[in-house]
Amino acid sequence: VQTCALPILEKAHAETNMPRMDIIIDYCQSRDIDIEAVAPLINKVLKERIRLEAEQAHLMKPTGRLPI
């Protein structure tokens, strides 16, 4: 398992426009890796991007954010 997943995920997201969570799941399934094993590799930036995608897809309630 890669120690820094962000570049791989961002490249796959840019090429396919798939949601990042789907890319993580697909990556784990194709390499027979337990999804729990990649949890420590997901940094704060990636967690925020996944959360925003989930909110935009109405899978999560929006969190309060100040408009910037």
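Tutor: Let's start with the overall layout and then zoom in on one residue.

Student: What kind of model is this, and how many helices and strands are there?
Tutor: The model is predicted. The protein chain has four helices and zero strands, so along the sequence the pattern reads α-α-α-α.

Student: And what share of the residues is buried?
Tutor: Of the 68 residues in the protein chain, 26% are buried. The chain's accessible surface is about 5400 Å², and carbon and sulfur atoms account for 58% of that.

Student: OK, new topic. How do helix 2 and helix 4 pack?
Tutor: Their axes are 8 Å apart, at an angle of about 115°. Helix 2 covers residues 20-30 and helix 4 covers residues 44-56.

Student: Which residues meet there?
Tutor: From helix 2 you have Arg20, Met21 and Ile24, and they meet Leu46, Arg49, Ile50 and Glu53 of helix 4. By class, that contact has four nonpolar residues, three charged ones and no polar ones.

Student: Let's go to Arg20. Is it buried or exposed?
Tutor: Arg20 is buried, because its relative accessible area is 10%, and the cut-off for buried is under 20%.

Student: Which side chains does the Arg20 side chain make polar contacts with?
Tutor: One is the side chain of Glu10, at 2.8 Å. Another is the side chain of Glu53, at 2.4 Å.

Student: What else is Arg20 in contact with?
Tutor: Setting aside neighbours within four places in sequence, Arg20 also has contacts with His13, Leu46, Arg49 and Ile50, among them residues of helix 4.

Conventions
Residues numbered from 1 in each chain as written. Predicted model: local features only at pLDDT ≥ 70, side-chain atom pairs only at ≥ 80, totals over all residues. Heavy atoms only, no water. Helix = DSSP H or I, 4+ residues; strand = E, 2+ residues; numbered from the N terminus. Buried < 20%, exposed > 50% of the residue type's maximum accessible area, 1.4 Å probe, protein only. Areas by Shrake-Rupley, 256 points an atom, 1.4 Å probe, with all protein chains shown as cover. Axes fitted to C-alpha atoms, helices over the stretch in contact; angles between N-to-C directions. Contact = heavy atoms within 4.5 Å. Nonpolar A, V, L, I, M, F, W, Y, C, P; charged D, E, K, R; others polar. Polar contact = N/O pair within 3.5 Å; in protein donor to acceptor, adjacent residues only side chain to side chain.
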